[in-house]
Amino acid sequence: MNQQVPFTDLNAMTAEIRPAVRAAWDRLLDEGQFIGGRAVEQFERSWAQYCGTSHAVGVANGTDALQLTLMALGVGPGDEVVVPTNTFVATAEAVVLAGARPRFADVSPYTLQLTPETVEAAVTPRTRAVIVVHLYGQTADMDRICRFADGAGLTVVEDAAQAHGATWRGRRAGSIGAAGCFSFYPGKNLGAFGDAGAVVTSDPDLADRLLCLRDHGRATGSHHEHVAVGMNSRLDAVQAVVLSAKLARLDAWNEARRAVAARYAEAFEYGPVRLVEETPGTRGVYHLAVVRVPHRDLVQRRMAALGVQTGVHYPVPCHEQEGMRRYATRPLPVAELAAREVLSLPVFPHMGEEHVLRVCKALAEVLGSGGPDDG
Ligand SMILES: Cc1ncc(COP(=O)(O)O)c(C=O)c1O
């Protein structure tokens with residue numbers, strides 16, 4: 001009972017796939033092809049199929065996925081890209097690395113996702129694209145955002161680093177805009193045993209440019225001809241086989257996360273808090289289960305004292321980060337308030353009912369109202 005409730009637990013997931021990964025690594029050691037090759041191509045095919053796109057291009061991490069996508073779209077110096085300010089800083093960082101300027105946008109107070117209205121408020125004549133972040137594993141209202149972007153001549157890029165398997169009206173996160181960018185950082189819903197990422201798209205020309213740019217600008221089929229200035233951002237085979245093994249479990253793991261979130265929603269029906277809302281039309285995958293509380297830092301400390309680990313995503317909006325402040329143009333009050341209030345509760349596929357109950361009771365105790373009935 002006094003055991004800590006961890007924020008996440010990767011070990012239980014690793015245990016499920018350990019035999020498959022060991023066998024696949026043995027095959028790799030025999031084959032000796034560690035960059036590209038069969039294992040990478042196989043994962044790229046499976047990931048594209050899973051996402052409902054014609055192409056997936058494996059890259060080194062999620063930040064590169066975003067930067068390479070912008071480069072492949074021809075977005076660079078002189079251009080601006082709208083990004084939500086309440087995201088992991090990598091979303092904005094990728095824009096700067098591509099040579100463009102981030103334009104920070106506010107979000108819906110209910111879902112904390114971008115909306116067409118908050119995007120519109122950030123657009124200038126120099127804006128070329130918008131990166132929609134599907135925050136916490138939910139999605140933004142993609143129909144309305146894409147309609148607005150079409151009208152304004154903006155390309156929509158999806159940052160689906162937290163939304164592997166989430167759907168918007170039946171379509172997978174990442175498959176709706178021009179391209180969808182994924183991180184497979186170990187803690188993600190689909191996580192590697194190190195850094196890894198991918199871009200999915202159904203535009204064959206964009207896929208070709210991505211293949212070229214991720215590999216030093218090499219011309220297709222050539223070793224010594226470099227037709228562009230690219231990067232070294234290849235997915236390695238050692239990670240690809242881990243991702244293939246985990247992909248077979250992704251839907252089940254996402255369902256388990258949804259079940260934990262549903263238990264929280266049920267327990268909090270009459271207080272003391274609510275989960276941040278899903279956009280109607282989303283089937284979220286609860287990379288994070290986030291509530292909003294006053295005096296968040298104090299609540300977090302008291303939860304820790306009761307043995308419950310929590311997280312904060314994110315305590316400082318991007319436009320207030322020192323490295324990004326020069327791109328800040330105006331206050332973004334919804335995101336600024338959310339940064340002071342958001343608290344991420346433990347959620348992971350193998351989380352047991354007793355842990356869920358302990359989180360609910362600790363939160364109720366800390367916030368000073370009745371806890372859920374633990375029967
Ligand atoms: C929303 C978002 N975008 C981008 C990234 C960057 O991914 P990576 O750490 O793989 O570069 C992350 C994850 O860390 C993320 O959560």
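K188 sits in the loop that links β8 (179–183) and β9 (197–201). The model is a predicted one. In UniProt, an unreviewed entry lists K188 under "active site". Is K188 buried or exposed? Its relative accessible area is 15%, so K188 is buried, the cut-off for this class being under 20%. Leaving out residues up to four places away in sequence, K188 touches A161, Q162, H164, S183 and H287.

The ligand is surrounded by 14 residues. The closest of them are G62, T63, D159, S183 and K188.

| Residue (side chain) | Ligand atom | Distance |
|---|---|---|
| D159 | nitrogen | 2.7 Å |
| Q162 | oxygen | 3.0 Å |
| S183 | oxygen | 2.7 Å |

D64 is buried and has no salt bridge. Which side chain of opposite charge is nearest to D64? It is R234, at 9.9 Å; a salt bridge would need a nitrogen-to-oxygen distance within 4 Å. The side chain of D64 does form a polar contact with the side chain of S233, at 2.6 Å. Beyond neighbours within four places in sequence, D64 is in contact with T69, M231 and S233.

Conventions:
Residues are numbered from 1 along each chain as its sequence is written. This is a predicted model: local features need pLDDT of at least 70, side-chain atom pairs count only at pLDDT 80 or more; totals for chains, interfaces and linings use all residues. Side-chain values use heavy atoms; hydrogens and water are left out. Buried means under 20% relative accessible area, exposed over 50%, partly exposed in between (1.4 Å probe, protein chains only). Lys and Arg count as positive and Asp and Glu as negative; His and the chain ends are not counted. A polar contact is a pair of N or O atoms within 3.5 Å; within protein, one must be able to donate a hydrogen and the other to accept it, and residues adjacent in sequence count only if both atoms are side-chain atoms. Contact means heavy atoms within 4.5 Å. UniProt positions are given in the numbering used here, feature names are shortened, and annotations may be inferred rather than shown by experiment. Helices (H or I, at least four residues) and strands (E, at least two) are DSSP runs, numbered from the N terminus. A residue is near a molecule or strand if one of its heavy atoms lies within 4 Å of it.
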